[in-house]
Amino acid sequence: MAERSSRTVRDLRLGNRASVLRRLYFHGPMSRQALGGATGLSSGSVSNVVAELTADHLLEEAGVVESDGGRPRTLLRVAPGSGHLIGVDVGETRVRVEAFDLALTELARTDRPLTPTGHDVEAVVAHIRDGVAEVTAAAGLTAGEGLIGVGVGVPGIVETTAPGGALVHGQTVGWDAVPLESLLREAVRLPPGTAYFIDNGARALGQAEMWFGGGRGVRDAVIVLFGSGVGACVVTDGVIHGGPGEWGHLTVHVRGRRCRCGALGCLEAYAGAEALLERWREAGGEPPGTGEEDGVAALLAAARPEDGGAADPVARAVLDETAEYLGAAISGLVNLFGPERVLVGGWAGLALGPHLLPAVREHAAAYSLRRPAARVTVALGELGPDAVTVGAATLPLADFLARGGRRREEAGEAPGAGPSLGPAARAAL
């Protein structure tokens with residue numbers, strides 16, 4: 001009985017720490033008095049928790065505010081330098097690694113282009129290994145000191161229940177149950193207790209946009225990742241769904257074009273940047289051979305020349321068709337989930353969105369039921385090309401906040417214990 005009581009008290013204290021820390025992180029700076037009202041904790045509990053968090057160097061003073069007739073109240077905030085995070089985006093054309101402080105201010109970054117071998121597992125692991133070494137050195141994180149964890153956004157489905165850590169099933173990039181977490185633990189030189197959090201890139205993007213971008217204040221949303229392929233993150237009642245995010249493999253054309261996953265008629269076979277350029281080539285266009293990003297830029301320049309010259313009708317037709325496919329596919333999400341907002345991100349989405357979005361909105365409305373269509377707005381994501389990397393960094397951050405600022409090794413847990421994006425991490429706070 002004594003052991004059960006001790007556990008209950010410990011859990012209560014941890015919950016109080018998490019409540020205060022999350023409130024300050026997302027809504028601070030705040031005074032102790034304001035924290036009491038915002039968290040529902042008594043003034044004594046707030047004082048105790050603030051004292052603990054301050055002793056752990058997680059909080060710092062952020063000025064004072066005058067009160068009505070009383071003494072000025074000290075404002076508190078989460079100390080940005082009290083911890084560090086690494087975010088990794090395993091993209092289609094490069095691996096990006098960034099180091100952040102606890103406020104997600106970028107400290108260092110590196111981009112490592114993927115060669116024609118594409119997503120060769122050994123090459124990707126080497127890129128992550130070298131990128132982590134580079135950014136930790138540039139950020140002054142000697143031997144990974146103060147590192148809370150490493151988040152990695154990947155293409156494909158992530159299985160988190162394997163004994164050795166997360167497995168990645170990336171059918172479109174040739175990954176079949178790749179033990180990425182164990183490979184990273186062997187290859188990357190970081191403190192032994194460092195936690196890794198691996199998840200689908202679209203869902204990492206979604207969490208970033210919900211926390212810091214165009215999804216703030218919204219309870220029901222869809223965030224679309226439009227790059228070489230396409231994916232989506234669905235948020236209902238403020239919580240990110242735990243599904244794989246493989247919206248790009250929704251069938252939009254029965255017996256249609258062959259997708260790189262091997263199936264016929266997937267959305268990705270029509271709206272992904274790789275397929276987009278292939279369709280342009282088949283129609284008579286001449287994409288440059290210098291990569292997908294250059295190819296998309298060339299397609300856009302041909303379809304909508306900035307110098308006022310005549311538009312290439314072939315390029316224009318390919319973009320118009322792409323807008324319709326995207327709009328029709330978004331309508332399926334609108335009809336199924338009834339989001340308030342759809343945000344389009346990813347490197348191709350950000351490049352093409354300003355030009356395609358009006359047509360995408362029209363097609364989405366035309367293919368949707370009237371009632372859910374009247375509720376939704378379709379807009380660009382707000383976090384730019386780094387959104388997946390930021391989202392990857394929020395994976396260890398969410399876990400850290402949910403634990404009241406205690407690292408997993410401090411709680412006596414295995415570094416990889418638990419799901420990479422559990423309910424606490426999926427909550428759009």
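Analyst: Cys 261 touches Gln 171, Thr 172, His 249 and Cys 266, leaving out residues up to four places away in sequence. Contact here means heavy atoms within 4.5 Å. This is a predicted model, in which local features need pLDDT of at least 70 and side-chain atom pairs count only at pLDDT 80 or more, while totals for chains, interfaces and linings use all residues. Residues are numbered from 1 along each chain as its sequence is written, and side-chain values use heavy atoms, with hydrogens and water left out.

Cys 261 sits in the loop between β14 (239-240) and α7. Helices (H or I, at least four residues) and strands (E, at least two) are DSSP runs, numbered from the N terminus. Cys 261 is buried, because its relative accessible area is 16%. The cut-offs are under 20% for buried, over 50% for exposed and partly exposed in between, with a 1.4 Å probe and protein chains only. Gly 174 is 87 residues from Cys 261 in sequence, yet their C-alpha atoms are 8.8 Å apart.

Another loop residue is Ser 82, between β3 (73-78) and β4 (84-90). Ser 82 has 18% relative accessibility, so it counts as buried. Its side chain reaches the backbone oxygen of Ala 79 at 2.6 Å. A polar contact is a pair of N or O atoms within 3.5 Å; within protein, one must be able to donate a hydrogen and the other to accept it, and residues adjacent in sequence count only if both atoms are side-chain atoms. Beyond four places in sequence, Ser 82 is in contact with His 57, Leu 58, Leu 102 and Arg 407.

Now the rings. The structure holds 4 aromatic pairs. Rings of Phe, Tyr and Trp (its six-membered ring) pair if their centres lie within 6.5 Å; planes under 30 degrees apart are stacked, over 60 edge-to-face, the rest tilted. One of the pairs is Phe 26 with Trp 211, edge-to-face, at 4.8 Å centre to centre and 85° between the planes. Phe 26 is in helix α1 (residues 2-27) and Trp 211 in helix α6 (residues 201-212), 185 residues apart. Phe 26 is buried at 9%, and Trp 211 is buried at 0%.

Tyr 270 and Tyr 325 form a stacked pair, 4.5 Å centre to centre with 25° between the planes. Tyr 270 belongs to helix α7 (residues 268-271) and Tyr 325 to helix α10 (residues 313-337), so this pair ties together parts 55 residues apart in sequence. Both tyrosines, Tyr 270 and Tyr 325, are buried. Finally, Tyr 25, Phe 26, Trp 211 and Phe 212 make up one aromatic cluster.
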